[in-house]
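Try each task before you read its solution.

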Amino acid sequence: MKAVALVSGGKDSCYAMMKCIHYGHEIVALANLMPIDDSVDELDSYMYQTVGHQIIEGYAKCMGIPLFRRRIHGSTRHRSLSYRLTPGDEVEDMYLLLKEVKKQIPSIQAVSSGAIASDYQRLRVESVCSRLGLVSLAYLWRQDQSLLLQEMIDSGIKAIIVKVAAMGLDPGKHLGKELYLLFPYLHKLKELYGINVCGEGGEYETLTLDCPLFINAQIVLEEFETVLHSRDSIAPVGVLHPLAFHLEKKEETNSLGSFPNDNNLCGRDGLVYEVHNGSIDSSEDKCESLVHTTSLAVTMDDKLHMSERQKIQLFSISCWLQDHLEDSSGLKEDLKCILGKIEARLIGYGLGWKDVLYIHLYIANMDEFSVANETYVKFITQENCPFGVPSRSTIEVPLSQVGSGKAYIEVLVANDGSKRVLHVQSISCWAPSCIGPYSQATLHKKILYMAGQLGLDPPTMNLCSGGPLAELEQALENSEAVANSFGCSISTSSIIFIVYCSANISPLERCRIQDNLYVILKKIRSSYNSGSLKRVLDPIVLYALVPNLPKSAFVEVKPLLNILEDEESTTQEAYFTRISNSWSFQPESWHDSCIEKCVVDGSICAVILSITNEVALRICPDSFDANEKSEDHKVNLSECAMRRISRFCIQLLDKVLMEHSFSWEEIVNLRFYIPVGLGMSLKNLALIFQNAFAELTGTSHSIHSGEPIYNLVPVLGTGRSSAVMDDILTCELLAQKM
């Protein structure tokens with residue numbers, strides 16, 4: 001992509017440009033924000049480094065590309081972490097500057113910045129990029145600062161210290177010194193006082209005088225003076241004020257980029273242009289109005305499963321279209337109808353999309369992924385989710401084979417406003433970016449709901465080469481990077497792993513996925529230093545075979561983690577005890593083989609229940625001939641048999657819940673994965689499970705407030721083994737005490 005680079009003059013913005021070029025992008029322009037008064041060195045700003053701004057205009061000639069500059073008129077008015085358009089805020093100066101750059105160079109697609117650890121700065125750059133339709137490139141984001149500083153020095157960046165404000169740094173001694181000379185001393189200060197060696201805490205600032213990008217000339221600082229801002233005896237603050245400098249030409253000159261031929265621009269020396277005016281767009285993209293979706297929804301025969309319990313803090317809503325209309329316009333209209341219905345239900349509860357933690361988006365055809373996203377963003381935007389947009393996974397499932405429409409959505413909702421969201425839109429080396437209104441992960445009540453992770457190479461956002469196993473390893477590494485941001489590891493804190501496998505994976509490679517999953521998790525655990533932890537969870541794993549995944553990936557993983565605290569303990573023992581009820585299924589020893597579970601300190605209960613062909617024969621031996629098998633080696637299952645199997649599953653889940661003192665009202669997620677090979681429609685399956693739950697309600701005291709919320713997910717195959725995904729039915733349950 002062609003990119004404009006935000007430059008302050010410091011080492012970080014210069015090295016970020018070098019990384020952009022390394023990953024195949026082209027820097028075609030520079031953008032800089034500076035004080036209104038040229039004599040002022042530093043502003044009271046959370047966003048911008050301005051010390052040494054008097055020299056920045058030399059960068060245009062050094063690199064041979066245009067520099068756009070704007071004076072900072074705004075101040076810090078919007079102080080919360082996530083940013084929203086605020087007239088008079090200093091962020092709007094960046095918006096107006098980049099808006100003008102994009103106007104003059106329409107081919108620009110991205111913005112480079114040197115953010116390393118500041119969420120405050122990163123989120124504001126991402127906000128501006130989102131408003132302008134640009135991609136944020138932040139290749140230094142979350143990199144180890146010690147290694148990063150060494151890389152900068154080794155890369156040939158020549159930078160001097162222009163500000164100090166930390167214990168151990170003296171204006172009289174260190175201002176004007178080259179960065180490489182202070183490298184050992186900065187690490188010593190890190191050991192003594194815990195400073196950030198890259199200066200991310202404001203400990204020091206730098207000014208780059210030369211680097212490999214300066215192909216035409218280097219900057220020579222002739223004269224400067226030291227200005228003391230604070231004479232504090234512990235951590236004095238001082239800046240370097242440039243008085244004179246010149247450019248020293250290099251032997252071979254060349255231009256990194258081309259500049260648009262525009263006679264209306266008035267610049268100094270033909271390469272430096274100051275942006276004076278500009279206006280903030282008053283109109284933002286609006287959410288899809290319920291007025292436009294209600295009439296559509298009324299004309300469609302849809303089925304909406306929802307929680308009606310008013311006292312719980314966490315509930316789910318799922319919606320899909322049944323008996324799909326032949327004259328429907330397709331995915332776009334189906335999705336608008338479903339999203340509109342869910343939005344209406346949320347509003348009815350006094351809630352909104354801001355209260356949604358997680359969204360499962362199932363679509364009938366992954367070739368229409370872009371259509372799904374375009375419709376999705378009409379409803380769910382950063383503007384209407386001030387607490388953070390929900391995390392999301394997107395999977396293709398065979399909806400048409402179960403009599404459904406083009407889309408099916410589950411949403412998990414919390415009504416307490418306590419969620420914490422990680423939403424990084426910048427492309428970086430850290431983890432895959434979320435380009436759009438969905439987050440990498442959402443934390444709520446100690447459970448981390450992570451977005452589905454593909455085997456994407458973070459800096460390029462391309463699927464890694466090497467096939468399914470390589471993608472699996474990369475997807476797990478990406479998941480680990482997200483988990484580390486919350487102070488945990490997928491290898492020690494995961495409760496459940498859902499592994500979606502594309503039908504494009506060969507049977508041989510499917511067999512190898514399971515073994516490799518555990519090998520990679522063991523490798524991650526050893527590098528995470530889990531020996532210092534008091535508790536380590538062993539996750540339960542479910543594999544689902546689906547027609548396709550985003551980007552035609554082979555594998556997508558979806559971890560669910562528990563953020564443990566010191567006082568918590570875990571139990572994962574065999575569960576079975578006899579609990580009397582009036583149902584016909586009496587406890588037997590083989591029931592244990594159907595269940596895998598993870599129970600955390602009596603507060604979280606995760607269960608995978610697997611109904612294999614053999615188990616189905618045990619449950620209802622009289623419903624079919626055991627010797628009769630279909631072509632895909634599944635028993636020929638009647639609706640009568642499915643009714644009995646559904647009752648068995650619900651009774652077994654009821655026992656697990658009661659064993660550990662959980663109620664059905666404490667269920668967070670309950671999914672039944674149904675292979676389409678059974679030949680049953682969602683409508684009929686929903687009725688079967690509805691009747692089974694109704695029977696349980698009448699025979700058990702464990703359900704007090706109506707039918708539990710559950711989701712029926714059609715798949716090609718599912719099971720607890722990647723090699724044999726041929727269960728008749730697989731259930732995934734998560735319950736949590738609030």
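**Exercise 1.** Find which residues make the nonpolar surface patch of about 400 Å².

*Solution.* The patch is made by M167, L192, Y193 and I234. Patch members have over 30% relative accessible area and no salt bridge, with nonpolar side chains (Val, Leu, Ile, Met, Phe, Trp, Tyr) joined within 5 Å. A salt bridge here is a side-chain nitrogen of Lys or Arg within 4 Å of a carboxyl oxygen of Asp or Glu. This is a predicted model: local features need pLDDT of at least 70, side-chain atom pairs count only at pLDDT 80 or more, and totals for chains, interfaces and linings use all residues. Residues are numbered from 1 along each chain as its sequence is written, and side-chain values use heavy atoms, without hydrogens and water.

**Exercise 2.** Classify Y193: buried, partly exposed or exposed?

*Solution.* Start with the cut-offs: buried is under 20% relative accessible area, exposed over 50%, partly exposed in between (1.4 Å probe, protein chains only). Y193 has 42%, so Y193 is partly exposed.

**Exercise 3.** Work out what kind of pair the rings of Y46 and Y120 form.

*Solution.* Rings of Phe, Tyr and Trp (its six-membered ring) pair if their centres lie within 6.5 Å; planes under 30 degrees apart are stacked, over 60 edge-to-face, the rest tilted. That rule gives 13 aromatic pairs. For Y46 and Y120, the centres are 5.7 Å apart and the planes at 85 degrees, so the pair is edge-to-face.

Notes: Patches are made of residues with over 30% relative accessible area and no salt bridge: like charges are joined within 9 Å, nonpolar side chains (Val, Leu, Ile, Met, Phe, Trp, Tyr) within 5 Å. Accessible areas come from the Shrake-Rupley method with a 1.4 Å probe; for residues, only the protein chains shown count as cover.
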